[in-house]
There are 2 protein chains.
Amino acid sequence: METVTMLPLTRVAVCGGTHGNELSGVYLVRELQKNDGGKAEEQGGAAETVSVLKVLSNPRAVQQCRRYMEKDLNRCFTNALLSTPAGKETLYEIVRAQELNALLGPKGSPEAVDLVCDLHNTTSNMGLCFISYSQCNWIGPHIFRHLQREISSMPMRYIHLGGPSSEAYSLESVGKCGFGMEVGPQPHGVVRADIFSAMWDGVRLMLDWIRRFNAGTTFEGGEVEVYTMVKKMDFPRDPETESITATIHPELQDRDFRLLCPGDPLFLSFTGETQRYEGEEPLYPLFVNEAAYYEKGIALWLARMTKMAFPPIRVKAGAE
Amino acid sequence: METVTMLPLTRVAVCGGTHGNELSGVYLVRELQKNDGGKAEEQGGAAETVSVLKVLSNPRAVQQCRRYMEKDLNRCFTNALLSTPAGKETLYEIVRAQELNALLGPKGSPEAVDLVCDLHNTTSNMGLCFISYSQCNWIGPHIFRHLQREISSMPMRYIHLGGPSSEAYSLESVGKCGFGMEVGPQPHGVVRADIFSAMWDGVRLMLDWIRRFNAGTTFEGGEVEVYTMVKKMDFPRDPETESITATIHPELQDRDFRLLCPGDPLFLSFTGETQRYEGEEPLYPLFVNEAAYYEKGIALWLARMTKMAFPPIRVKAGAE
């Protein structure tokens with residue numbers, strides 16, 4: 001594949017606390033802010049080619065250690081919600097999304113930051129995942145491969161959601177390019193040293209890659225395994241009360257990304273009956289038993305895995 | 001030791017959802033209620049010697065999947081709070097504690113239920129623990145030993161808090177006898193099949209023991225290892241912002257009840273420095289990195305372990 005050239009990534013945002021009880025990102029952003037002496041944006045020395053904005057996305061939810069106050073902030077970045085006129089009655093998270101769009105965007109404009117990396121945790125045993133809406137400009141797969149080569153403490157996967165940018169609802173869609181960095185398992189409201197440390201490595205290696213890219217390094221092309229969402233499955237529920245009647249089967253619990261085949265155990269009811277996977281196609285489970293998805297009616301996601309080739313990349317000649 | 005005789009345990013309460021996001025107890029109580037056909041109190045056949053009240057303690061917090069609405073319900077059962085005159089301004093959990101005291105107590109009165117078993121989950125790797133304020137009438141250790149002999153899926157420990165009953169702040173103090181049954185690790189807001197199943201076994205075996213006791217079985221005396229709280233330790237914090245600056249060290253994380261010796265790693269700061277345990281006495285850590293204790297300024301408890309002998313027990317002659 002032919003080498004793709006791109007403008008340097010001069011403005012990058014690292015965001016944590018988009019969900020206020022996902023604590024690795026909260027404490028990581030706070031640590032990055034300390035190294036600034038409190039400034040939101042790092043201005044390095046003469047040799048520094050990238051400025052890094054460090055953003056605590058949902059400070060009220062962080063303060064209360066809740067996912068959100070009134071509405072899931074990471075569902076508020078569609079063009080429709082970003083352009084809703086804000087008044088006294090407007091939900092806190094919609095107002096905050098518009099503030100973040102002004103700070104990091106505007107979404108879809110030439111003024112938007114070059115890259116948004118939004119830090120998340122999950123209670124599911126997912127290791128370190130990149131979650132991206134678009135392949136944008138091949139930056140995501142290149143950074144992903146760099147981390148994958150360097151991080152040995154946990155498995156890494158690349159998840160692609162797709163769909164048009166205008167309907168993308170998550171914070172990273174505000175940047176010219178972006179991805180969520182999702183690390184688990186970690187209970188919400190807890191920070192575990194192993195999970196924090198993997199996320200910290202991820203952010204450090206990402207910035208390392210960006211500096212080398214800006215300085216003119218050519219990165220070879222390659223191939224990445226990509227998980228594409230096929231469907232979301234709810235827990236079995238009582239038709240009258242809507243209360244769940246089963247949870248994830250012990251043979252599936254903690255086994256995210258292990259192929260689920262027709263007939264494999266899926267749920268175990270509270271009275272002890274096994275319910276098996278009845279789909280016709282073997283698929284990869286992810287977000288298995290994620291706490292925040294109970295209220296959304298999601299017990300797990302099922303994804304297909306394909307391989308995606310990506311081209312060599314370097315900064316545009318004369319721009320380094 | 002001489003055999004102790006006691007009146008039968010004819011009224012027992014099994015409570016879940018005292019903390020609304022500890023889901024094993026919530027779903028277990030709902031399942032027990034279903035078997036009743038919706039009645040709160042089970043009235044067995046002619047052979048049944050015990051009636052079981054099934055109580056969802058904090059329904060509003062359960063509905064919102066939060067630990068509590070306004071005040072931690074499991075800190076509201078002191079004599080002082082139970083006798084506070086309730087008005088429009090009274091916090092929801094104080095009102096609810098008084099309702100539960102009317103239903104299951106009144107605390108300290110002859111009308112109180114014979115036993116309260118309050119179901120809890122923890123994010124800490126604690127296995128199945130009994131937590132009790134008093135040895136009351138030796139019922140706790142006997143039931144504990146019965147479970148310990150039958151449950152092989154996880155380790156079990158007996159934790160004793162002590163202090164006068166009037167100042168005991170938790171729900172189980174309302175019964176003539178009682179204990180919390182704490183099972184983990186499980187993230188709050190999640191129900192894991194393995195944790196639910198261990199709790200279910202615990203409740204079933206407890207009721208099994210009670211029925212045999214009421215029917216006249218003599219249970220031999222024995223000895224139990226008891227963990228008694230020595231102190232609670234907070235996370236290291238920034239003196240200005242009070243934000244935590246370190247979390248549990250990876251060598252301590254998930255190692256509840258493994259003796260912590262002077263010099264052992266205790267915390268790992270977000271910048272990578274290890275802080276070691278500086279106490280003079282080796283102690284047992286528990287509730288290591290429990291999510292709900294961040295707001296209480298507790299990173300872990302430290303306990304001393306002693307052995308406690310308990311006497312043989314049987315129901316009073318003529319009362320079976």
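Predicted model: local features only at pLDDT ≥ 70, side-chain atom pairs only at ≥ 80, totals over all residues.
Apart from neighbours within four places in sequence, A:Asp118 is in contact with A:Cys15, A:Gly16, A:Thr18, A:Ser57, A:Asn74, A:Leu171, A:Glu172, A:Phe179, A:Gly180 and A:Met181. The residue belongs to strand E5 of chain A, which covers residues 115-121.

Now show both chains and turn to the interface. Here 31 residues of chain A are in contact with 31 residues of chain B. About 2,400 Å² is buried between chain A and chain B, and carbon and sulfur atoms give 61% of that area.

Two salt bridges are found across this interface. To see one of them, select B:Arg192 and A:Asp254, whose side chains meet at 2.8 Å, N to O. Ten residue pairs are in polar contact across the interface of chain A and chain B, both residues at pLDDT 80 or more.

Colour the elements of chain A that give two or more residues to the side touching chain B: helix H1 (23-35), helix H6 (193-214) and strand E10 (246-248). H1(A) gives the most, with five residues. The residues on that side of chain A divide into 14 nonpolar, nine polar and eight charged.

Finally, select B:Pro164, in the loop between strand E7 (156-160) and strand E8 (178-184) of chain B. B:Pro164 counts as partly exposed because its relative accessibility is 45%. B:Thr90 is 74 residues from B:Pro164 in sequence and 25 Å from it in space, C-alpha to C-alpha.

Technical notes
Residues numbered from 1 in each chain as written. Chains lettered and ligands numbered in written order. Heavy atoms only, no water. Helix = DSSP H or I, 4+ residues; strand = E, 2+ residues; numbered from the N terminus. Contact = heavy atoms within 4.5 Å. Buried < 20%, exposed > 50% of the residue type's maximum accessible area, 1.4 Å probe, protein only. Buried area = accessible area lost by both parts, 1.4 Å probe. Salt bridge = Lys/Arg side-chain N within 4 Å of Asp/Glu carboxyl O. Polar contact = N/O pair within 3.5 Å; in protein donor to acceptor, adjacent residues only side chain to side chain. Nonpolar A, V, L, I, M, F, W, Y, C, P; charged D, E, K, R; others polar.
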